[in-house]
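Colleague: Can you put the model up? I have some questions about how the chain is arranged.

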Amino acid sequence: MKLDGTARTMFQKLTSSFLSSETTVMEYDLKQASDMQGAVLLNLCFMWFLHFHLEKVQPLVIQIMTGFMQLIYSPLFQVHVLGKNLQRPFKTSPPVVTPNNHFHQSEPSATHPNSEGHNLSSAQQH
C-alpha cells in the first residue's frame with residue numbers, strides 16, 4: 001500500500017507526536033508522582049489483604065521499612081525535598097538491597113579476586 005504525499009505527511013506528524021512528545025518538568029514530575037501513587041495504592045490493598053484476612057503482621061513491618069527506603073531513594077523526594085538537581089528523565093532502576101551488598105560492595109564475593117589475585121572459589125579448592 002502506497003501513501004500519497006498528504007497522507008504520508010499526516011502519518012509522519014502523527015507518529016512523531018507519539019514518539020517525541022515534549023513535556024515540561026512539572027508535567028513529568030506529576031506523571032511520576034501519579035505512577036508512584038498507583039504503586040502505593042496497589043501495595044496498600046495487598047497489605048490490607050495480608051493483614052486483615054490472613055492475619056499476618058510481618059509483611060507490615062517489612063513494608064514500613066522498605067517504604068521509607070523507597071521514599072528516600074525516590075528521585076522526586078530527592079529533587080523536591082532534599083533539593084538535589086537530578087536530570088530528567090529519571091533512571092528507572094532503583095538501588096537494589098541484598099543482604100550481601102548493603103548498597104555497596106563491602107566484602108569481596110566469590111567471583112572477584114582477593115588481595116592476592118586469586119579467585120576465592122579456586123583458593124578454597126586447594
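Colleague: Among contacts between residues at least 6 apart in sequence, what share joins residues at least 24 apart?

Modeller: In this chain, 31% of those contacts do. A contact means heavy atoms within 4.5 Å. This is a predicted model, in which local features need pLDDT of at least 70 and side-chain atom pairs count only at pLDDT 80 or more, while totals for chains, interfaces and linings use all residues. Residues are numbered from 1 along each chain as its sequence is written, and side-chain values use heavy atoms, with hydrogens and water left out.

Colleague: How many helices and strands are there?

Modeller: The chain has 5 helices and 0 strands, so the pattern along the sequence is α-α-α-α-α. Helices (H or I, at least four residues) and strands (E, at least two) are DSSP runs, numbered from the N terminus.

Colleague: At what angle do α2 and α3 pack?

Modeller: Helix α2 (residues 25-53) and helix α3 (residues 58-72) pack at about 155°, and their axes are 9 Å apart. Axes are lines fitted to C-alpha atoms, for helices over the stretch in contact, and angles run from 0 to 180 degrees between N-to-C directions. The two helices are therefore roughly antiparallel; angles under 35 degrees count as roughly parallel, over 145 as roughly antiparallel, 65 to 115 as roughly perpendicular and the rest as oblique.

Colleague: Which residues make that contact?

Modeller: From α2 they are N43, M47, L50 and H51, and from α3 they are P59, L60 and Q63. By class, the contact has 4 nonpolar, 3 polar and no charged residues. Here Ala, Val, Leu, Ile, Met, Phe, Trp, Tyr, Cys and Pro count as nonpolar, Asp, Glu, Lys and Arg as charged, and the others, Gly among them, as polar.

Colleague: What does P59 touch?

Modeller: Leaving aside neighbours within four places in sequence, P59 is in contact with M47 and L50. P59 and M47 are 12 residues apart in sequence, and their C-alpha atoms are 7.1 Å apart. P59 is partly exposed, at 22% relative accessible area. Buried means under 20% relative accessible area, exposed over 50%, and partly exposed in between (1.4 Å probe, protein chains only).

Colleague: And V79, buried or exposed?

Modeller: V79 is buried, at 15%. This residue is in helix α4 and touches K84, L86, R88 and F90, not counting residues up to four places away in sequence. V79 and D29 are 50 residues apart in sequence and 9.7 Å apart in space, C-alpha to C-alpha. Of the 126 residues of the chain, 8% count as buried.

Colleague: Now the loops. Where is E55?

Modeller: E55 is in the loop between α2 and α3. Its phi is near 55°, a positive value in a residue other than glycine. At 67% relative accessibility, E55 counts as exposed.

Colleague: Which peptide bond is cis?

Modeller: The bond from R88 to P89 is cis, with omega near 0°. P89 lies in the loop between α4 and α5.

Colleague: Last topic, confidence. Which element has the lowest mean pLDDT?

Modeller: Helix α5 (residues 120-125) has the lowest, 43, and helix α4 (residues 75-80) has the highest, 94. The term pLDDT is the predictor's confidence in each residue, from 0 to 100. Over residues 104-126 pLDDT stays under 50. Where pLDDT is low, the predicted coordinates should not be read in detail. For the chain, the mean is 76, and 66% of residues reach 70 or more.
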